[in-house]
Amino acid sequence: MTLLNPNQQRRLGVHPRLLADDLDGVRALPELARPGAPPECARVLALAAEARTLVDETRRALGLPAERVERLRTLLEALADAGAALPDGDDA
């Protein structure tokens with residue numbers, strides 16, 4: 001059971017989702033996982049993974065809904081594709 005109403009869940013849930021997405025982006029950086037990378041890179045990856053776990057735990061503790069970043073990303077990509085397909089108006 002959550003103490004937050006749906007609007008509060010939506011508003012409060014935005015920040016953990018964005019932070020989780022940013023942390024996933026850091027963890028996906030090829031520069032940090034390449035062979036021969038400095039030991040600091042492994043530390044950055046470990047800290048990003050730990051922070052990501054804490055974000056997920058906090059989200060669950062607050063009873064926030066599951067992440068929707070992928071759905072939003074898909075929507076934004078579709079909008080960008082649709083916008084790219086539109087004539088730019090210079091041909092008129």
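Entry 1. I began with Ala-48, which counts as buried because its relative accessibility is 5%, under the 20% cut-off. The model is a predicted one, and I keep that in mind for every value noted here.

Entry 2. Which residues does Ala-48 contact, once its neighbours within four places in sequence are left aside? I found Leu-23, Val-26 and Arg-27. I also looked up Asp-24, whose C-alpha lies 7.7 Å from that of Ala-48, although 24 residues separate the two in sequence.

Entry 3. I turned to the helix pair, and noted that the axes of α1 (residues 6–27) and α3 (residues 39–61) come within 9 Å and cross at roughly 155°. That angle is over 145°, so I recorded α1 as roughly antiparallel to α3. The crossing of α1 past α3 is left-handed. Among the residues making this contact are Pro-16, Leu-19 and Leu-23 on α1, and Leu-45, Ala-48 and Val-55 on α3. By class, the contact residues comprise 11 nonpolar and 3 charged, with no polar ones.

Entry 4. For the whole protein I noted 4 helices and 0 strands, with buried residues making up 16% of its 92 residues. Of the contacts between residues at least 6 apart in sequence, 57% join residues at least 24 apart. The exposed surface comes to about 7,000 Å², and carbon and sulfur atoms supply 61% of that area.

Conventions
Residues numbered from 1 in each chain as written. Predicted model: local features only at pLDDT ≥ 70, side-chain atom pairs only at ≥ 80, totals over all residues. Heavy atoms only, no water. Axes fitted to C-alpha atoms, helices over the stretch in contact; angles between N-to-C directions. Helix = DSSP H or I, 4+ residues; strand = E, 2+ residues; numbered from the N terminus. Parallel < 35°, antiparallel > 145°, perpendicular 65-115°, else oblique. Left-handed = near helix turned anticlockwise from the far one by under 90°. Contact = heavy atoms within 4.5 Å. Nonpolar A, V, L, I, M, F, W, Y, C, P; charged D, E, K, R; others polar. Buried < 20%, exposed > 50% of the residue type's maximum accessible area, 1.4 Å probe, protein only. Areas by Shrake-Rupley, 256 points an atom, 1.4 Å probe, with all protein chains shown as cover.
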